[in-house]
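Thanks for coming. Please have the sequence and the structure open while I talk.

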Amino acid sequence: MYGYAAKYAPSTVIEARIDALIGTNMLSRLLHVRHPTAKQAVITAIDLLGRAVINAAENGSSFPLKKRDQLLDYILTLMGRDDDENLSDSTLELLDTQARALSACTTLVSVEPKLTIETRNHVLKATLGFFALPNDPADVVDPLIDNLITLLCAILLTSGEDGRSRAEQLLHILRQIDQYVSSAADYQRRRGFLAVHEMLLKFRTVCITGHCALGCQGSCTHIKPIDRNLHGNFSNLPSAFVLPSREALSLGDRVITYLPRCADTNAEVRKVSAQILDQLFSISLSLQRPATSTYGVDIELSYSALSSLEDVIAILRSDASIDPSEVFNRVISSVCLLLTKNELVATLHGCTAAICDKVKQSAEGAIQAVIEFVTTRGNELSETDVSRTTQALLMATGHVTEKHLRQETLAAISSLAESTSSKVVFNEVLATAGRDIVTKDISRLRGGWPMQDAFYAFSQHTVLSSSFLEHVICVLDQYPVLKADSEKGDYSSPSVDGHIDDEVLHAAIVALTAFFRGGGKIGKKAVQQNYASVLAELTLQLGSCHGLAKCGQHEPLRALLTAFQIFCECVGDLEMGKILARDGEQNENERWINLIGDIAGCISIKRPKEVQRICVIFSKSLNRHQRYQREAAAAAFSEFIRYSDSFGSLLEQMVEVLCLHVTDESPTVRRLCLRGLVQIPSIQMLQYTSQVLGVILALLDDSDESVQLTAVTCLLTMLESSPNDAVDPILLSLSVRLRNLQISMNPKMRANAFSALGSLCNYGTGAQHEAFLEQVHAIIPHLVLHLHDNDVIVRQACRSTLRRIAPLLDMEGLFPLFNMHCFNYDHRTDYEDFVRELTKQFAQHLPSRVDSYMALAIQALDAPWPIIQANAIYFSSCMLSLSDDQHILTLYYPQVFGTLVGKLSKSTDASVRATCSLALGLLLKSSKSISWKAAPVDCVE
């Protein structure tokens with residue numbers, strides 16, 4: 001009754017009556033009524049109060065409704081369900097009450113003052129849930145939903161101050177409705193889309209201004225007639241109060257929300273979603289063009305696309321039997337042309353939720369749209385756009401567990417890579433895979449690991465297969481595995497590189513494994529085409545992973561060996577697979593170096609045509625900063641050169657590279673390069689002999705013993721076939737360096753050094769004969785002393801070398817000695833017998849050399865080996881006992897005798913003491929002893 005009284009009161013007094021009624025706070029006393037009829041009466045009264053205000057405004061007496069927000073709150077309270085009300089009780093009455101309440105809310109939000117944001121949100125929170133009401137009873141629910149839509153439109157039209165604020169209101173409400181637009185229930189989606197469409201129609205009334213975006217004057221075909229009765233007349237308002245900006249519409253975000261619904265299972269949803277897109281773009285194109293903007297021919301294209309979209313809508317209205325897929329294709333094509341570049345980017349970035357939609361057909365539609373967009377306009381995307389789009393698609397792939405949808409999403413990622421920057425796409429995929437490996441148990445993910453599927457998809461793609469493989473190889477090439485391995489000269493304590501690099505590197509290895517395993521015919525073809533680069537990178541990584549294994553990190557090595565094994569299976573290199581299975585994880589000493597050499601040898605035999613390409617790669621790899629990768633490259637490179645008979649000019653480049661890197665900071669690289677030089681095929685070796693010998697000469701002085709040993713070993717090999725003109729210039733230098741190595745603690749070094757000297761004797765008869773002979777005499781005492789070395793290999797080397805030296809000494813008496821029993825056997829007494837006989841020959845035929853021999857023998861009395869000390873004692877004593885030279889006797893007898901006495905009492909070695917006793921007896925029995933018995937003796941410890 002109060003409501004009707006207000007409604008029919010004269011406009012001149014209505015404000016005072018309403019203020020008096022509301023001021024009494026009478027309505028608040030009615031909030032506790034429980035009967036539906038009573039609730040409806042209160043709601044109707046409030047509604048009539050609002051209508052009275054509206055009527056007054058129409059009659060020229062406008063005023064704000066006081067406590068309007070409080071009245072809204074009353075209505076929302078009355079339309080709610082009582083706490084003790086059963087869900088099945090009075091359902092029809094409750095729905096009728098709620099329908100009336102929504103109508104009353106519409107009335108109240110239509111009057112001044114404008115809604116605050118807080119009140120708007122409160123109303124939306126209380127009312128939007130009605131979209132989820134069940135369909136039945138339709139005669140009650142449908143009007144309620146209509147009232148809800150009307151309320152939303154009223155909120156939109158009355159709460160904004162200008163074009164931008166209305167656009168913000170629109171977007172806010174649309175985003176609130178999105179949960180129903182994407183609902184799994186058909187009826188909820190239908191209601192949501194009807195609400196969106198109606199709101200856009202209302203919003204359009206404040207957006208159309210009559211300005212053509214092309215700048216046409218007067219009437220033109222680009223502007224539809226405006227019904228001023230429907231749209232109102234805004235000509236008296238500044239455009240800022242009417243027009244939003246196109247950017248404020250967030251078309252990209254809205255398009256990816258509504259476009260997939262054009263493929264919905266519900267026919268009405270499909271039709272309305274197309275109409276919504278039409279409204280969105282009609283609004284955007286109807287906005288007045290800024291004076292500073294230049295559309296050019298693009299705006300014509302946009303109008304053409306919009307016209308095409310409207311044709312599709314007209315067909316949907318007239319022909320329900322048309323193929324939905326054909327309609328959807330045409331809608332996508334039109335939308336693709338209508339989006340600006342920024343809107344396109346926003347659409348792509350927001351595709352995750354659309355692809356994860358509860359309705360499979362809509363999800364497929366979203367994927368189809370993404371593929372169309374990137375295929376048609378991918379060239380407009382920047383690398384940042386591509387990166388974010390890839391992330392969105394990968395996120396969708398992770399959430400989609402249905403196999404078909406996941407494959408379709410991966411197809412979209414492949415299309416993105418194919419149409420834009422594949423490098424950016426591949427990088428994002430690897431980065432995501434790396435994070436997954438670290439943060440997830442990828443073996444237990446529902447539906448399988450998406451990144452594994454992505455790797456399979458790339459490997460099986462006819463266009464991307466090869467480029468993805470090349471990219472992964474490039475990634476492995478760029479990321480160092482070891483921090484300390486990343487700088488030349490610092491390789492004493494390897495450590496793991498940065499965390500992100502680790503993730504990407506691990507992902508790259510996993511990607512390779514998946515590529516080899518799941519690429520099918522296309523993947524295998526790509527691997528075969530890139531065999532050289534793949535094999536080379538796997539080999540280099542094998543070196544890096546062995547470096548990690550030395551630090552106790554074995555997992556990277558196992559992962560790489562798995563990839564390597566599957567690579568062998570992929571290309572059919574079964575023999576190489578066996579080599580890896582046998583020695584792959586062996587990390588002691590040189591095992592992994594030898595493993596790489598075995599692999600190189602296998603490739604040279606099985607795939608000779610690939611060797612040259614691989615060698616080109618390894619020649620560049622020797623310049624890398626990673627120590628273990630350089631070592632791996634050198635190991636393979638030095639083996640491949642053995643098969644370089646037909647390389648032509650490449651062999652010359654290989655030799656140049658090896659010679660350059662014999663100065664590498666890694667001892668392993670230095671000796672491997674030297675080993676490679678020595679393995680040049682014999683047919684080509686002649687032209688490189690001098691160069692190789694020069695390298696050997698330099699490395700004989702290397703600071704690392706292993707390099708020196710390799711140099712001596714290689715010298716022995718070279719001296720078997722080197723011509724005189726190559727050896728003569730460095731004959732003396734070689735002799736001096738070998739003499740220094742003959743006292744090495746390493747028995748192999750001593751043996752090889754003595755053997756190499758013997759080989760040099762073949763070259764000692766030329767112009768350098770006299771000088772070389774001097775070097776020979778300087779070495780003879782060492783030879784004699786080491787004839788009874790602790791190591792058998794040294795003894796044998798000394799015997800062989802002594803035989804080869806003999807012709808140079810011009811002493812016929814030596815040759816019978818070499819056939820004596822005492823020369824060829826290792827017993828101590830045999831050695832002593834031979835020394836006595838040999839010193840007789842020296843005293844008889846080389847008296848002038850006895851002095852130098854004695855000096856060298858006395859130096860050896862302090863040798864680090866007790867057996868060599870004993871040999872020096874006996875050798876020097878024999879020389880003295882046979883010498884007639886008073887200078888020698890005077891100079892050396894006291895010195896030797898004193899040393900014998902000292903060692904006899906001080907030495908801890910039994911062989912030294914026994915030899916001292918024997919030598920003393922030998923000296924005392926000597927006929928020359930009288931000449932020195934009176935001389936003072938200095939005991940030397």
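Among contacts in the chain between residues at least 6 apart in sequence, what percentage join residues at least 24 apart? The figure is 75%, where contact means heavy atoms within 4.5 Å.

Before I go on, two notes on the source. This is a predicted model, in which local features need pLDDT of at least 70, side-chain atom pairs count only at pLDDT 80 or more, and totals for chains, interfaces and linings use all residues. Residues are numbered from 1 along each chain as its sequence is written, and side-chain values use heavy atoms, with hydrogens and water left out.

Let me start with the whole chain. The chain has 48 helices and zero strands. Helices (H or I, at least four residues) and strands (E, at least two) are DSSP runs, numbered from the N terminus. Of the 941 residues in the chain, 54% are buried. Buried means under 20% relative accessible area, exposed means over 50%, and partly exposed is in between, with a 1.4 Å probe and protein chains only. The accessible surface of the chain is about 40,400 Å², and carbon and sulfur atoms account for 51% of it. Such areas come from the Shrake-Rupley method with a 1.4 Å probe, and for residues only the protein chains shown count as cover.

Next, the core. In soluble globular proteins, nonpolar side chains tend to be buried together. A nonpolar core here is a set of buried Ala, Val, Leu, Ile, Met, Phe, Trp, Tyr and Cys residues joined through side-chain atoms within 4.5 Å. How many residues does the largest nonpolar core have? It has 308, and those with the most contacts inside it are Leu259, Phe455, Phe516, Phe567 and Ile696. Helix 7, residues 138-158, gives the most to this core, with 12 residues. Take Phe455 as an example: leaving aside neighbours within four places in sequence, its contacts include Val429, Trp449, Phe468 and Val510.

Now stay with helix 7 and look at its partner, helix 9. Two packed helices are described by the angle between their axes and the distance between the axes. The axes of helix 7 and helix 9 (residues 186-204) come within 9 Å and cross at roughly 35 degrees. Axes are lines fitted to C-alpha atoms, for helices over the stretch in contact, and angles run from 0 to 180 degrees between N-to-C directions. On the helix 7 side, the residues making the contact include Val141, Ile145 and Ile149; on the helix 9 side, they include Arg191, Leu194 and Glu198. By class, this contact of helix 7 with helix 9 has 11 nonpolar, no polar and three charged residues. In that count, Ala, Val, Leu, Ile, Met, Phe, Trp, Tyr, Cys and Pro are nonpolar, Asp, Glu, Lys and Arg are charged, and the others, Gly among them, are polar.

Some single residues now. Cys615 is found in helix 29, residues 608-621, and is buried, with a relative accessible area of 1%. Not counting residues up to four places away in sequence, Cys615 touches Phe637, Phe640, Phe647 and Met654. Its C-alpha atom is separated by 9.6 Å from that of Leu651, 36 residues apart along the chain.

Is Arg261 buried or exposed? Arg261 counts as buried, because its relative accessibility is 1%. Arg261 is found in the loop between helix 11 and helix 12 (267-286). Its contacts, leaving aside neighbours within four places in sequence, include Arg189, Phe193 and Asp357.

Last, the backbone. A cis peptide bond joins Glu112 and Pro113, with omega about 0 degrees, and Pro113 lies in the loop between helix 5 (91-109) and helix 6 (117-127). Another cis peptide bond joins Asp136 and Pro137, with omega about -5 degrees; Pro137 lies in the loop between helix 6 and helix 7.

Ser250 is not a glycine, although it has a positive phi of about 50 degrees. Ser250 sits in the loop between helix 10 (228-231) and helix 11 (251-258) and counts as partly exposed, at 21% relative accessibility. Asp810, also a residue other than glycine, has a positive phi near 55 degrees. Asp810 is in the loop between helix 40 (792-809) and helix 41 (814-818), and at 70% relative accessibility it counts as exposed.
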